[in-house]
Amino acid sequence: MLPYFTEHFGNPASINHLYGWEAEAAVKGARQILADTIHATPEEIVFTSGATEANNLAIKGVAEAYFSKGRHVITLQTEHNAVIDPCQYLQKLGFEVTFLPVQSDGLLNLNVLEKAFRPDTILVSIMAANNEIGVLQPLAEIGEMCRSHSILFHTDAAQAIGKIPLNVEALKIDLMSMTAHKVYGPKGIGALYVRRRHPRVQLAPQLHGGGHERGMRSGTLYTPQIVGFSKAVELAEAEQESESERLTQLRQRLWEQLSQLEAIHLNGHPMKRLPGNLSVSVEGVDGAALLLGLQPVVAVSSGSACTSTKTAPSHVLMALGRSEQLAYASVRFGIGRFNTAAEIDKVAQNAIATIQSLRKLTISPSHDLK
Ligand SMILES: *Cc1c(COP(=O)(O)O)cnc(C)c1O
């Protein structure tokens, strides 16, 4: 990224001089890397400021372009707020949105989706991987169902890119949101994949201006961030398979130790989840005390950073049918590229000791353990 802040500082949209060409070449290379990674073409990549903007562009852009065809959108109760909020905004504009429930393992039941399709459904937006509990939705089956009903399929792949294989052709995805900072890339850059053929997706721009990104997203491109984004994705892709196996082992190592405790629950499907995600709910402890107890040893969160300004219990855990108390007493462990088995053991020992000592302190009868 660094040379693009200093030596090669041109504007990729400046087509009349060398500085512009240098930047344009860098952006072109990055676009190609991203396209190759997801089996798309470079023209199908629209750079955005991140997945929030990509989700907004996909959902509002499709709604605006297709409203004369229909005004019904289908999504999940467990989506990120960057999908839920644009959908609620559409409701205010007169669209109808079905927020589908999930099973207790966090997965969508395909029969429930099939029943939700209507003649006026224009878009299905279902995430690839959940940001709190890590579950992987059945994208191939959903893509197949949407395609056979001629309904556009958008997926929020912010958590999935670089972590699991994503082939927009095989999965029949029409729009896909991505972001750099969940794969060790820079913050403030992402992209939306927008299918150009079979079918050609129409999208109403949400940022109007100079007509960049084929008119879908105006604004001067942020060259250093784009270069960093593609490099991060390239690195993650190169070791995706081996890293996936390594992280799955570390996750199992953590769960094997934690599950020796009584009354601790894994959130989300045990296997169909991101390799590095372990989300647990702990009975008989106060959520805030639990986080405080863990913090000296490990950086964990109860939900996601994106909802940390809200004090309500996680809407994702509530959708799994967890009680409010359990939703609060939940911890998401995220295991990544730089973690080792020794760290996992240290975290597990600390978590077990913390939970045991908190339970000894707890006197409330509602916290009785079986
Ligand atoms: C992080 C995240 C987002 C938001 O991405 P930004 O790039 O931070 O805007 C959206 N969806 C999911 C599932 C995420 O994990």
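Predicted model: local features only at pLDDT ≥ 70, side-chain atom pairs only at ≥ 80, totals over all residues.

Biologist: Let's start with the overall layout. What makes up the chain in terms of domains?

Modeller: The chain is divided into domain 1 (2–234) and domain 2 (240–362). Their centres, taken over C-alpha atoms, are 29 Å apart.

Biologist: How many residues of domain 1 are in contact with domain 2?

Modeller: On the domain 1 side there are 26 residues, in contact with 25 residues of domain 2. Contact here means heavy atoms within 4.5 Å.

Biologist: Which residues lie nearest the centre of the largest pocket?

Modeller: Those are Gln159, Lys163, Lys182, Gly334 and Ile335, out of 31 lining residues. The elements that give two or more residues to this lining are α7 (240–258) and β10 (330–334). Of the elements, α7 gives the most, with 4 residues.

Biologist: What is the make-up of the lining of the largest pocket in nonpolar, polar and charged residues?

Modeller: The lining has 12 nonpolar, 13 polar and 6 charged residues. Gly counts as polar in this scheme, in case you were wondering about Gly334, one of the residues nearest the centre.

Biologist: On to single residues. Why is Arg31 called buried?

Modeller: Buried means under 20% relative accessible area. Arg31 has 15%, so Arg31 is buried. You will find Arg31 in helix α1 (residues 18–38).

Biologist: What does the side chain of Arg31 reach?

Modeller: The side chain of Arg31 reaches the backbone oxygen of Ile45 at 2.7 Å. A polar contact needs N or O atoms within 3.5 Å, and the distance of 2.7 Å for Arg31 and Ile45 meets that cut-off. Leaving aside residues up to four places away in sequence, Arg31 touches Pro42, Ile45, Phe47, Glu213 and Leu221.

Biologist: And why is His72 called buried?

Modeller: The relative accessible area of His72 is 0%. The cut-off is under 20%, so His72 is buried too. His72 belongs to strand β2 (residues 72–76).

Biologist: Which residues does His72 touch?

Modeller: Beyond four places away in sequence, His72 touches Glu96, Thr98, Ala116, Arg118, Asp120, Thr121, Ile122 and Leu123.

Methods. Residues numbered from 1 in each chain as written. Heavy atoms only, no water. 1 Å grid on protein atoms, 1.4 Å probe; cavity = no way out; pocket = protein on both sides within 12 Å on 5 of 7 lines; lining within 4 Å. Buried < 20%, exposed > 50% of the residue type's maximum accessible area, 1.4 Å probe, protein only. Polar contact = N/O pair within 3.5 Å; in protein donor to acceptor, adjacent residues only side chain to side chain. Domains from an automatic or database assignment.
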